[in-house]
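The following exercises are each paired with a worked solution. Please keep the sequence and the structure in view while working through them.

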Amino acid sequence: MSGTRASGKAPLGLAAVISVAAGVVVWSVAASAAGPLLLPQPTEVLRALVANRMSLGAALWETSVAAVGGLAVAATLGVLAAAAAWWNRGLQQALAPWTVLVQVVPIVAIAPLLVVWLGYGRGVSMCTASIAAFYPVFSSASSGLRAPGVELVDLFRLLGASRLRELVQLRAWAALPALFAGLRTAAGLSVIGAIVGEFVGSNGSPPSLGYTVLFASRSAHPDEAFAAILLAAFLALTLGTALGWLERRTIGRWYG
Amino acid sequence: MGAAVELQAVSWRPEGAPILDAFSFTVAPGSITVVLGRSGCGKSSLLRVIAGLRTLATGQVAGRPARMGFVFQEPALLPWRSAIENVELALPAGSPSALAVAALEAVGLAGHGAALPGALSGGQRMRVSFARALVSRPELLLLDEPFAALDSATVADMQRLLLQAQKDLGCTVLLVTHDRSLAARLADRIVVLEGPPLRVVFDVPASMARPRSPEAVGELLRTLEAWT
């Protein structure tokens, strides 16, 4: 049985490598057809990555701070709003229109207004990152807080537990698996939100990935733009991996 | 000493449909009462009504004690807390952990206190649930099909535990099940709840003391067969 499983794993890993290799080959063929100004070769992107490592490194740092900061704000506000909505039906109704508004508001449309209010700089990208990341956190925390079955809820009522005790000892813990799933989604969105914010809210000082993508594209350096996009993907992947590690460290011994 | 509980014309109607309708009966202190019925007849609701977990449409439950233990159909353990921490949940804050240790020992789980529920078997998880229900020395112990998901050897063990705990604590026991043989082996009083209007309350003769002989259990089963 285990032999079957082990032999089933190897082709999956191989399939991933083949898939990525095929993607690079297709990219390379398409780049040859399109020309370097439209689509650079993968090797040119790597060369741009190495050649501009100092400025791209600084841009990666700037976007990382905005995305992580925005994610932290979204996580804090999302969890607090979910707890408030669970605590009180009136609060739930009062929060509903605002949580929906945050979900549907186009970040691209609100980012210029944020520049007017906050000026150029990290404040704008951190705001757009937190707006993009808020709803998945709020939504997952809300459903997680309602995850305990009727028997566990009955148990706490039978024990005469206060609502605060029920929240702290039962619902907050039960919500963690759903919350981590929401945070992983929010992590990717926070990077997208930060970059969209940097498109309009960054003037290149300090450099950011969003500004680099925009500036390099406009100044006929698509290889550098692609290098910045690769770094943005790397950042989202790293955040997701870090959250996966944190999830295993905190709830891994009893969940999954 | 066990509690004497009396249901007085109790009605409970979730979303309008009557599950319990003007239902009355008494549970003698220190006795074992078994409520028999098919799925959906309202026997689990009855237990929750007695525990005060559901709001009644009409009627009242008299004699509900302060200290109650409840064993659910599922173990209902918190997976992030160890076995001993799950048992401690039922104790007031600051209680000595020796009480929880003793409760786990009493159900045959000495040395398993640090284990998380996920590392325990289904039978062991049910024992932890038992220990949690018993650790506060309840005057009334309510059990909702507690043996339904267990193998026969574990069921026999759990029944011994239940009888021992009832003897040691002198608590009143109210158990709901669909298993007639369980009722025939354990009950002082059997309530057959097949939904309104059919209800039968049967007091097992004092001559049939526990542990009952196979003949006595067979005789009780034949009586139950005639009713259901």
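**Exercise 1.** How many helices and how many strands does the secondary structure of chain A come to?

*Solution.* Some conventions come first. This is a predicted model, in which local features need pLDDT of at least 70 and side-chain atom pairs count only at pLDDT 80 or more, while totals for chains, interfaces and linings use all residues. Residues are numbered from 1 along each chain as its sequence is written, chains are lettered from A and ligands numbered from 1 in the order in which they are written, and side-chain values use heavy atoms, with hydrogens and water left out.

Step 1. Helices (H or I, at least four residues) and strands (E, at least two) are DSSP runs, numbered from the N terminus.
Step 2. Chain A has 10 helices and 0 strands. Along the sequence its pattern reads α-α-α-α-α-α-α-α-α-α.
Step 3. The C-alpha atoms of chain A fill a box of roughly 70 × 60 × 25 Å along the principal axes.

**Exercise 2.** Describe the open sheet of 3 strands in chain B.

*Solution.* Step 1. The strand order is E2-E1-E4, and the pairing is antiparallel; two strands pair if DSSP finds at least two bridges between them.
Step 2. Strand E2 (20–27) and strand E4 (58–62) of chain B each have a single partner strand, so each edge strand has one side without a neighbour in the sheet. From one strand to the next, the twist averages 15°.
Step 3. Strand E1 (residues 5–12) of chain B is joined to E2(B) by 5 bridges. Within this pair, Val5(B) stands opposite Val27(B).
Step 4. Ala9(B), also placed in strand E1 of chain B, has a positive phi of about 45° although it is not a glycine.
Step 5. Helix H1 (residues 43–51) of chain B lies across E1, E2 and E4 of chain B, at about 120° to E1(B). Here axes are lines fitted to C-alpha atoms, for helices over the stretch in contact, and angles run from 0 to 180 degrees between N-to-C directions.

**Exercise 3.** Characterise the interface of chain B and chain A.

*Solution.* Step 1. In contact (heavy atoms within 4.5 Å) are 19 residues of chain B and 16 residues of chain A.
Step 2. The two chains bury about 1600 Å² between them, 69% of it on carbon and sulfur atoms. Buried area is the accessible area (1.4 Å probe) that two parts lose on being put together, summed over both.
Step 3. The rule finds 2 salt bridges across this interface, a salt bridge being a side-chain nitrogen of Lys or Arg within 4 Å of a carboxyl oxygen of Asp or Glu. Over all chains, the whole structure has 12 salt bridges.
Step 4. Arg48(B) forms a salt bridge with Asp154(A), their closest N and O atoms being 2.9 Å apart. Arg48(B) lies in helix H1 of chain B and Asp154(A) in helix H7 (residues 150–158) of chain A, so the pair joins two chains.

**Exercise 4.** Which residues does a cis peptide bond join in chain A, and which in chain B?

*Solution.* Step 1. In chain A, the bond joins Ser205(A) and Pro206(A), with omega about 0°. Pro206(A) is in the loop between helix H8 (163–201) and helix H9 (209–218) of chain A.
Step 2. In chain B, the bond joins Arg210(B) and Pro211(B), with omega about -5°. Pro211(B) is in the loop between strand E9 (199–203) and helix H7 (214–227) of chain B.
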